[in-house]
Amino acid sequence: MHATVGDRLLVHGTVVGEHEKRGEIIEVRGPGGEPPYVVRFDDGHTGLVFPGPDAVVVPAQRGS
């Protein structure tokens, strides 16, 4: 998994009825874009994340 600052992290719910968590990657601490990431989630909290198989990085749209 590789990411850059500004990409979005989506963590799918693992339990029925659990909502997907979404947030913006604000810092990449691993070498070459690898985890861990500091993520500011849409609910306002910020945390250090080591994404598992239930997570997807969505690249930010960058200007051409």
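Modeller: Start with Val 38, which sits opposite Leu 48 in S4. Keep in mind this is a predicted model, where local features need pLDDT of at least 70, side-chain atom pairs count only at pLDDT 80 or more, and totals for chains, interfaces and linings use all residues. Residues are numbered from 1 along each chain as its sequence is written, and side-chain values use heavy atoms, with hydrogens and water left out.

Colleague: What makes S3 and S4 a pair?

Modeller: Strands are DSSP runs (E, at least two residues), numbered from the N terminus. Two of them pair if DSSP finds at least two bridges between them. Strand S3 (residues 37-41) and S4 have four bridges, in the antiparallel sense, so they pass that definition. They form a hairpin with four residues between them, and Gly 44 in the turn has a positive phi of about 105 degrees.

Colleague: How do you know that S1 and S2 pair as well?

Modeller: By that same rule of at least two bridges: strand S1 (residues 8-11) and strand S2 (residues 21-28) have four, again antiparallel. Leu 10 stands opposite Arg 22 in S2 there.

Colleague: What is the strand order in the open sheet?

Modeller: S4-S3-S2-S1-S5, five strands with antiparallel pairing.

Colleague: Why do S4 and S5 stand at the edges?

Modeller: S4 and strand S5 (55-58) each have a single partner strand, so one side of each lacks a neighbour in the sheet.

Colleague: Which residues of S4 are on its covered face?

Modeller: Gly 47 and Val 49, with Thr 46 and Leu 48 on the uncovered one. In a regular strand, side chains alternate between the two faces of the sheet.

Note on methods. Buried means under 20% relative accessible area, exposed over 50%, partly exposed in between (1.4 Å probe, protein chains only).
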